Amino acid sequence: SLLHNRSASATVSTVESTILLLMDRDDFDLTLLEFPQIRQILNITAESRHLAQRQDFDWLGIDEVVHLVRRKHEFFLFISFLAPIAVFLLSIPLFGYGLTHWGETLLKNSVLFAALFGFIFAIIWLIWNAVDWGNDFYIVTNQRVVRVEKVVLLYNSRSEAPLHHVLAVNANKPFLGQLLNYGDIEVRT
């Protein structure tokens with residue numbers, strides 16, 4: 001709430017005597033100035049809560065709370081766009097050739113139709129990749145680690161490991177990952 005300047009959206013009750021700490025806006029802003037890494041952690045938490053609220057994770061247990069929701073890095077979305085963009089760009093000269101030579105021969109008309117097909121195919125492929133990227137999640141709850149993968153019209157897959165089965169967690173960042181701020185998390189069970 002303080003991070004995004006909104007009113008609080010939760011009510012909390014305690015079951016035993018509790019000490020409540022209060023931080024007002026000025027103290028919060030000062031803390032963020034002194035420790036800027038806190039803002040990054042709070043942003044990740046807020047983004048995770050927002051994603052979890054928008055998604056229908058019907059497999060969540062009654063007392064299960066989502067702590068972290070992440071997607072593949074945007075870099076991988078960009079990489080998935082390269083091939084359809086190439087198809088689109090390769091269709092441009094074909095389209096120009098087909099327009100300038102329309103009606104002369106069946107081959108030249110076929111080139112125009114191939115270019116139109118290339119445009120439509122590339123646009124559908126781009127949309128497919130964007131939707132596919134947006135359907136894959138990596139989730140940590142208070143009970144388990146979950147990977148959800150959905151491929152539109154094909155399948156839904158969920159792999160998970162209870163937290164008490166997790167033996168080790170390793171983070172690996174390749175050189176490009178260090179530059180673009182992404183990496184692989186390996187969870188061993």
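Trainee: Which residue in S3 is the bridge partner of Ile-139?
Mentor: That partner is Val-146. Keep in mind that we are looking at a predicted model.

Trainee: OK! How many bridges join S2 to S3, and which way do they run?
Mentor: There are four bridges between S2 and S3, and the two strands run antiparallel. The chain gets from S2 to S3 by a hairpin with two residues in the link.

Trainee: What does the whole sheet look like, in terms of strand order?
Mentor: It is an open sheet of four strands, ordered S1-S2-S3-S4, with antiparallel pairing. Strand S1 (66-70) and strand S4 (155-162) are at the edges with a single partner strand each, so one side of each has no neighbour in the sheet. On average, neighbouring strands are turned by 15 degrees against each other, ignoring direction.

Trainee: And what about the other pairs? How many bridges join S1 to S2?
Mentor: Four, again in an antiparallel pair. As an example, look at Arg-70, whose bridge partner in S2 is Tyr-138.

Trainee: Nice. Which residues make up the largest nonpolar core?
Mentor: It has 10 residues: Leu-51, Ala-52, Phe-57, Trp-59, Val-66, Val-69, Phe-137, Ile-139, Val-146 and Val-148. At least two of the core residues come from each of H2, S1, S2 and S3. In soluble globular proteins, nonpolar side chains tend to be buried together.

Trainee: Can we zoom in on one of them? What does Val-69 touch?
Mentor: Leaving out residues up to four places away in sequence, Val-69 touches Ser-48, Leu-51, Ala-52, Phe-57, Phe-137, Tyr-138 and Ile-139.

Trainee: New topic: at what angle do H1 and H2 pack?
Mentor: Helix H1 (residues 25-34) meets H2 at an angle of about 110 degrees, and their axes are 6 Å apart. That angle makes H1 roughly perpendicular to H2.

Trainee: Which residues meet there?
Mentor: From H1 you have Phe-28, Thr-31 and Leu-32, and they meet Ile-38, Arg-39 and Leu-42 in H2. By type, the residues of this contact are four nonpolar, one polar and one charged.

Trainee: Last one. Where does Asn-181 lie, and what is its phi?
Mentor: Asn-181 sits in the loop between helix H5 (175-180) and strand S6 (184-188). Its phi is near 65 degrees, a positive value in a residue other than glycine. Most residues other than glycine have a negative phi.

Trainee: Is Asn-181 buried, exposed or partly exposed?
Mentor: Asn-181 counts as partly exposed, because its relative accessibility is 48%. For another positive phi, see Leu-153, near 65 degrees, in the hairpin of S3 and S4. That hairpin has three residues between the strands.

Note on methods. Residues are numbered from 1 along each chain as its sequence is written. This is a predicted model: local features need pLDDT of at least 70, side-chain atom pairs count only at pLDDT 80 or more; totals for chains, interfaces and linings use all residues. Side-chain values use heavy atoms; hydrogens and water are left out. Two strands pair if DSSP finds at least two bridges between them. Axes are lines fitted to C-alpha atoms, for helices over the stretch in contact, and angles run from 0 to 180 degrees between N-to-C directions. A nonpolar core is a set of buried Ala, Val, Leu, Ile, Met, Phe, Trp, Tyr and Cys residues joined through side-chain atoms within 4.5 Å. Buried means under 20% relative accessible area, exposed over 50%, partly exposed in between (1.4 Å probe, protein chains only). Contact means heavy atoms within 4.5 Å. Angles under 35 degrees count as roughly parallel, over 145 as roughly antiparallel, 65 to 115 as roughly perpendicular and the rest as oblique. Ala, Val, Leu, Ile, Met, Phe, Trp, Tyr, Cys and Pro count as nonpolar, Asp, Glu, Lys and Arg as charged, and the others, Gly among them, as polar.
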